[in-house]
Amino acid sequence: MTAPRIEALDEIDSTNADARRRAEAGEVGPLWITATRQTAGRGRRGRNWETGQGNLAATLLFVTDRPPAEAAQISFVAALAVADLADAFVPASQVTLKWPNDPMIDGRKTSGILVESGQHAGGLWVAVGIGVNLSTPPEVSERPATAFAEHMTAPPPRPLEALAVLSEAFERWRRLWQTAGFPPVAEAWTRRAHGLGEACTARLGHETVAGIAEGLDPDGALRLRLPDGMLRRITAGDVFFGEA
Ligand code: BTN
C-alpha cells in the first residue's frame, strides 16, 4: 500500500459515511478522510459518536483482496496505532486496550473504532473510522470516558498533528500484519489488554454472559471462561470488566 493521502474537511456528516460514498463511486484509496466537525458521527452497534471540539475524527479507506473475516482484523491494527498515539502524549503505563478495540487511558475510554466494508470491483473496500478524544471527553457517555488533555500538563495535540502520528503508527502495524499475519498483532494487543484474567460481562444482542476473560483466540474472538468451566467465544458485542 502506498502512503495514504490525507483529505481534511471542515464539516461532514460522518467520515465513515463519506468513505462509503467514495468507495461506492470507485475510490480505492488509501485515503485518510478527516473532518473538524461531524454532524452525524457513528459509533458501534448503531450508537452515535460525538466529536467534541479539538478531537480527532478520521477514516482510512483502502481496498484489499483479503476475505472479510480476515480484513476485520484491521480493527486490532487500528487499536494498536491509537495506543501508540496515546503513548506519545500520556504515560504509556496508563494506556490499555479493551476488547475488541477500545483504547483506554487510566481505565476510561478515550477513542472509538468503527470498521465498515463492502464489495468493490478490486475486492473489498474497508473504512477504518477512528475517533480520538484529544481535548474533550463526550458530554454524554454510557461508560466512563476521558480525553488526552485530562492526563497531560501541556495542551493536547491538534487533530492534524495527531493524525500524522496515528497514520505513521497505523502503517507500521499494518505492514507487520501484512507480512507476518495476525499472530504478532494479537500478541501486541494482548500485552496491552485491559481486564484479562478478570471478571467480565459480555452483553450480546440477545443475551448477557459472565465469566473470566482469558484472552484472544487466533481469529481475534475473546475467550470467556464461564462459571461451569465451559469456554465461550465472544465474536461481537460489548464487554464490561469487574461486573461478573
Ligand atoms: C465506537 O462506538 O466506539 C466507535 C466510534 C467510532 C467513531 C469514529 S469518528 C470517525 C469515524 N466516523 C464516524 O462516523 N465514526 C468513526
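How do the residues of the shell around the ligand divide into nonpolar, polar and charged? The legends below, which describe a predicted model, begin with this shell.

**View 1. The shell around the ligand.** The shell comprises 6 nonpolar, 10 polar and 3 charged residues. Of the 19 residues around the ligand, those that come nearest are Ser14, Gln38, Arg42, Arg44 and Lys109. The ligand takes up the space of the largest pocket. Two or more residues of the shell come from each of the elements α1 (15-24), β3 (56-64), β7 (111-120) and β8 (123-132).

View 2. In the side chain of Thr15, an N or O atom is 3.0 Å from a nitrogen atom of the ligand. A polar backbone atom of Arg42 is 2.7 Å from an oxygen atom of the ligand. For Arg44, a backbone N or O atom lies 2.7 Å from an oxygen atom of the ligand. The ligand taken alone exposes 410 Å², of which the protein buries 98%.

View 3. Most peptide bonds are trans. The bond from Gly29 to Pro30, however, is cis, with omega near 0 degrees; Pro30 is found in the loop between α1 and β2 (31-38). The bond from Trp99 to Pro100 is also cis, with omega near 0 degrees, and Pro100 lies in the loop between β4 (95-98) and β5 (102-105).

View 4. Most residues other than glycine have a negative phi. Arg45, in the loop between β2 and β3, has a positive phi of about 55 degrees. Arg45 counts as partly exposed because its relative accessibility is 43%. Asp106, in the loop between β5 and β6 (108-109), likewise has a positive phi of about 55 degrees. With 48% relative accessibility, Asp106 counts as partly exposed.

Note on methods: Residues are numbered from 1 along each chain as its sequence is written. This is a predicted model: local features need pLDDT of at least 70, side-chain atom pairs count only at pLDDT 80 or more; totals for chains, interfaces and linings use all residues. Side-chain values use heavy atoms; hydrogens and water are left out. A residue is near a molecule or strand if one of its heavy atoms lies within 4 Å of it. A polar contact is a pair of N or O atoms within 3.5 Å; within protein, one must be able to donate a hydrogen and the other to accept it, and residues adjacent in sequence count only if both atoms are side-chain atoms. Accessible areas come from the Shrake-Rupley method with a 1.4 Å probe; for residues, only the protein chains shown count as cover. On a 1 Å grid over the protein atoms alone, a cavity is a set of points where a 1.4 Å probe fits but cannot get out, and a pocket is an open set with protein on both sides within 12 Å along at least five of seven lines; lining residues have an atom within 4 Å of a point. A molecule sits in a cavity or pocket if more than half of its atoms lie within 2 Å of its grid points. Helices (H or I, at least four residues) and strands (E, at least two) are DSSP runs, numbered from the N terminus. Ala, Val, Leu, Ile, Met, Phe, Trp, Tyr, Cys and Pro count as nonpolar, Asp, Glu, Lys and Arg as charged, and the others, Gly among them, as polar. Buried means under 20% relative accessible area, exposed over 50%, partly exposed in between (1.4 Å probe, protein chains only).
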